[in-house]
Number of protein chains: 2
Amino acid sequence: MSNNKIKPSILPGFMELLPKEQLIFNDIVSKITGVYEENGFLPMDTPIIEKEEVLLAKSAGETEKQVYRLTKGDKNLALRFDLTVPFARFAAQYMNDLTFPFKRYQLGKVYRGERNQKGRYREFYQCDVDIVGNGKLSIKNDALVVAMASRALKKIGLTTYKLQISNRKILSGFLTALGVTNMQEVMILIDKYEKITREEFLSELEKLVGKENSEAINNIMGIQGSNDEIISQLKALKVNSEVFNKGVEEIEEVKTYLNIFGVEDSEFTIDLKIIRGLDYYTGTVFETILQGNESYGSVCSGGRYDNLAQNYTDNVLPGVGMSIGITRLFFVLKEIGFIDKYEHNSSVEYLIIPIGDTIHYCAKVSKMLQERGSKAEIYLEDDKLKKKMSYANKLNIKKVVIIGEDEVKSGEIVVKDMTTGEQEKVSMK
Amino acid sequence: MSNNKIKPSILPGFMELLPKEQLIFNDIVSKITGVYEENGFLPMDTPIIEKEEVLLAKSAGETEKQVYRLTKGDKNLALRFDLTVPFARFAAQYMNDLTFPFKRYQLGKVYRGERNQKGRYREFYQCDVDIVGNGKLSIKNDALVVAMASRALKKIGLTTYKLQISNRKILSGFLTALGVTNMQEVMILIDKYEKITREEFLSELEKLVGKENSEAINNIMGIQGSNDEIISQLKALKVNSEVFNKGVEEIEEVKTYLNIFGVEDSEFTIDLKIIRGLDYYTGTVFETILQGNESYGSVCSGGRYDNLAQNYTDNVLPGVGMSIGITRLFFVLKEIGFIDKYEHNSSVEYLIIPIGDTIHYCAKVSKMLQERGSKAEIYLEDDKLKKKMSYANKLNIKKVVIIGEDEVKSGEIVVKDMTTGEQEKVSMK
C-alpha cells in the first residue's frame, strides 16, 4: 500500500456488517417492525442531533457523561442517547396534531460513549414501541406491549426467551407498609439480586432495613409457583397498602390480557426481582432473558410510566412501552450461534447469465421474474462461465438461468437449482 | 406552561414528520429500496460517526466546512456528509470478503451544516446504489443504474421526471481537441449553463477560450434532436480525439442498453450540459429533473467513476452509482402537491371496537386479520363509541369492526367501510 493511503477502519464500539449478515440484520428488523405495524403502531423518526437542553431536560444520570456533544454555530448540540427522550419531546411538541392513544414505533441509531468492551456499542439501533394516552391509558395496553415482545421474538424464530414481569407498585407498597424509609437503596439492591450471592443479598438487606424487615422482604422475593399461584400468594399476604394491592390487581389484569392476546403462561413468569432502574417506570415492568443464556441480560424490556413528557409540558401523558436494542440483540444472537443458523429468504433468488448476445432476452426474463415478486439480477460482465457460476455460489443465489441463442429461439429457459443441481425447463409463454 | 419546562423544539434545518406524512415518506423509501433489492443490490450500513481522517481523506471541498465534528476521548470524530466516502472506505476495508461486481445500496442519514434556507437540510436521508468492479466494470452497468432510477421514480408514481444523460469524455475530449487548456474553468461555466442567461454564458465563454472556440463549444452544446439524432450529429463532427470518440461510443451503448432495460427514449435526453461537479465522475453522468418544476434541480443523479477507493487502497475499483436525496425529494414532492395526492396502503386497515366484555373475541378477530396480512388494532380504552369512531376517522382507518355480545354469540361480525358507509356481514367460520 502506498504511503499516502489512509488505513480504512472504523472506530471501536461501532458495528458494521458484511452483506451476508446485514441481510439477516435487516430481516430481523423488518420482522420486528412488521409486528408493530400489523398492530397499528405508526412510524416515527426524529433527528439524531437535538438541542442539548432538550435531550438533557431530565438528568440522564450515568448516561449524561456518555453523551456525544457537538458545537456548530452558537447552539449546544448533542446526539440522542435513547429514543424515549426524543419521543417525549415529540409528543409534547405536536400534542394537538396527534390522535390519542398515540401508538408509535421508532427504529433508529442512538449514541453512548461507553467504556470499550465486547458487546457494548457506542452506536446502536434501538427499536422502541410506546402507547401514550392523553390523561389516561388502560392497563390492557401493558399486556399488548408485552404480547408484542413475545410475537416479535417468535417471528424471528427465537423460542428460548422468557418474559419476566413485575409491577413496581407491589414492592414499593410492600416496603412502605413495612415502614422502610430508604426505599431507593433497597430497590437498588433488589435490582442487583441476580448479580450477587444470596448471602451477600441478605446481609446487605439486613444492613439496610434490619433483621425483621429483611426477612419479610426475603420471603416475598422468594415466592414461587405458577403465575396464578404467585398472584394468590401475594394476595394472601394481606398487605395493608393500597399501592401494593393496586400493583397485585394490575399484574393480575396484565396476566389475564396476556393470555387473551395469545401469550401462554409458559412464556412468562411473574418475578418481583424485575425493577428496571429507579425513577422512570411506575407500574408494569418487564425484561426478557434467553433461557440458557441468562448472562447476556435482557434483550427486550419496558414498562408503564405515569407521565411521559413532564419536562416539556403540563399535559399528563401516561404510557407503556418497550425497547429492543437491536444491535446488541444481534451481537447476542451471533454469540449463541443463532445467526449462523438463521433462515431467511432475503437473498437474491435468480442469477441470469447471458451467453453471447442475448441480453435483450435476459432483460425480459429478469423483468418477468421481478414482476412475479422475485429478486433477479443479470450477470453483466464478460467473464468466463465458471466465474459467473462462482458469483452465484458466493452470494448464495439459489437459482441460475443460463440464456444462449437456443433459449432465445425456443422461448424455453433452463432454471438450475444450485442446491440440488436439478434443472427445470420453463416455457416463457 | 410552568416555568421549569423546556420548550419542545428541534433545530432549524432538520426534518421531522407527523405520522400521516411519515407513512408516506416510509412508503416512498421502501418502494425505492424495493427496486434496488429486486435487482440484486445488497444492503449496507455504516456508522454515522467515523474518524475524521477517514472521512476527509480526500478533500471534501466546500463540504469540508460543513462537516459536523465531535471530540470524544483522544480521537477526532466527524459525522459522515455523504454515503460515498464510507462506501469507498468499506470497499477497501473488506475487499477480500466482498464478491465483485459488488452491488450495494445504502439508506442513511448524512450531515451538512449548510446555511439555513428553505428546502436545505442539515440532516437528510440519502439512498445510494453503486456497482463496483474489481479492476473492470462493463458499461452495461451504467445503463442499469439509470434504468433503476427510472423504475424507482415510476414505482412511487412520478411521471413527470426526465433523465438527462451525458458522458464527461465527450466534452473533455472535445475541449482537448480544440486546444483548450483551462478546461476546469470551462466545465464550471457549463455546469452553470441553466442558471445564467445565454448571453452571459457566451460572453463568459469567449473570455475563457476566445471567439472561435467559444463558437465551436456553443455549437456542440446547441445540438438538438432525438437521442439517436444527437448521437449521429456528434459522430458527424469527426472530432479528432480518442477520448471524445470513446465518450460518444459509451453514450450510444448506454442508450442501447437503456432501451433493452425498458427505459424508453421519451424518458431520457442526451444533454451535454450535465457535468455533475468536477473531479469525481469520469464517464456517464446523469441528473433527473421534474418537468414543469425544473427550478428544484435534480432529484436523482449519479454517474461512472474510474476508481472508488484510491484514498484507501491501491486496488482499482471502477464503479457507477447514483444517489437520491430522499429528504429533499420529499420536500420537493410536498411543494409540488404530489404528497397530498399520494396513494398508499400503509395505514392501519381495521379498527376493532369491543362493546362490553368482548375483548377475548376481538383478539381472535384481530389475530385472524393479521394472519391474513392486514394491519388491525383493537381499541382498548373505555371511551364512548363516538370517540372510538372518531379515532378511526382521524387516523384514516378504512374499516371498523364493532364487536358486542351478539357478534360473539352468532360468530358473525359486521365490517363497516368508513369511506362508503357500507356494512358487510362476515362469518368467522
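This is a predicted model: local features need pLDDT of at least 70, side-chain atom pairs count only at pLDDT 80 or more; totals for chains, interfaces and linings use all residues.
Let me start with two helices of chain A, where α1(A) passes α4(A) in a right-handed crossing. Helix α1, residues 19-38, and helix α4, residues 140-155, both of chain A, pack with their axes 8 Å apart and at an angle of about 140°, which makes α1(A) oblique to α4(A), since an angle has to be over 145 degrees to count as roughly antiparallel. On the α1(A) side the contact is made by A:K31, A:I32, A:V35, A:Y36 and A:E38, and on the α4(A) side by A:M148, A:R151, A:A152 and A:K155.

Let me turn now to the aromatic rings, for which a search of the whole structure, over all chains, finds 29 pairs. One of them joins B:Y379 and B:Y391, whose ring centres are 5.2 Å apart and whose planes stand at 80°, so the pair is edge-to-face. B:Y379 lies in the loop between β13 (376-378) and α12 (385-394) of chain B, while B:Y391 is in helix α12 itself, so the pair ties together parts that are twelve residues apart in sequence. B:Y379 is buried, with a relative accessible area of 4%, and B:Y391 also counts as buried, at 3% relative accessibility.

In chain A, ring pairs link A:F87, A:F90, A:Y94 and A:F102 into a cluster, and A:R104 lies over the face of A:F87, at 3.9 Å from the ring centre. In chain B, the charged end of B:R104 sits over the ring of B:F87, 3.9 Å from its centre.

Terms used:
Residues are numbered from 1 along each chain as its sequence is written. Chains are lettered from A and ligands numbered from 1 in the order in which they are written. Side-chain values use heavy atoms; hydrogens and water are left out. Rings of Phe, Tyr and Trp (its six-membered ring) pair if their centres lie within 6.5 Å; planes under 30 degrees apart count as stacked, over 60 as edge-to-face and the rest as tilted. Helices (H or I, at least four residues) and strands (E, at least two) are DSSP runs, numbered from the N terminus. Buried means under 20% relative accessible area, exposed over 50%, partly exposed in between (1.4 Å probe, protein chains only). A charge sits over a ring if NZ of Lys or CZ of Arg is within 6 Å of the ring centre and within 35 degrees of the ring normal. Axes are lines fitted to C-alpha atoms, for helices over the stretch in contact, and angles run from 0 to 180 degrees between N-to-C directions. Angles under 35 degrees count as roughly parallel, over 145 as roughly antiparallel, 65 to 115 as roughly perpendicular and the rest as oblique. A crossing is left-handed if the near helix is turned anticlockwise from the far one by less than a right angle, and right-handed if clockwise. Contact means heavy atoms within 4.5 Å.
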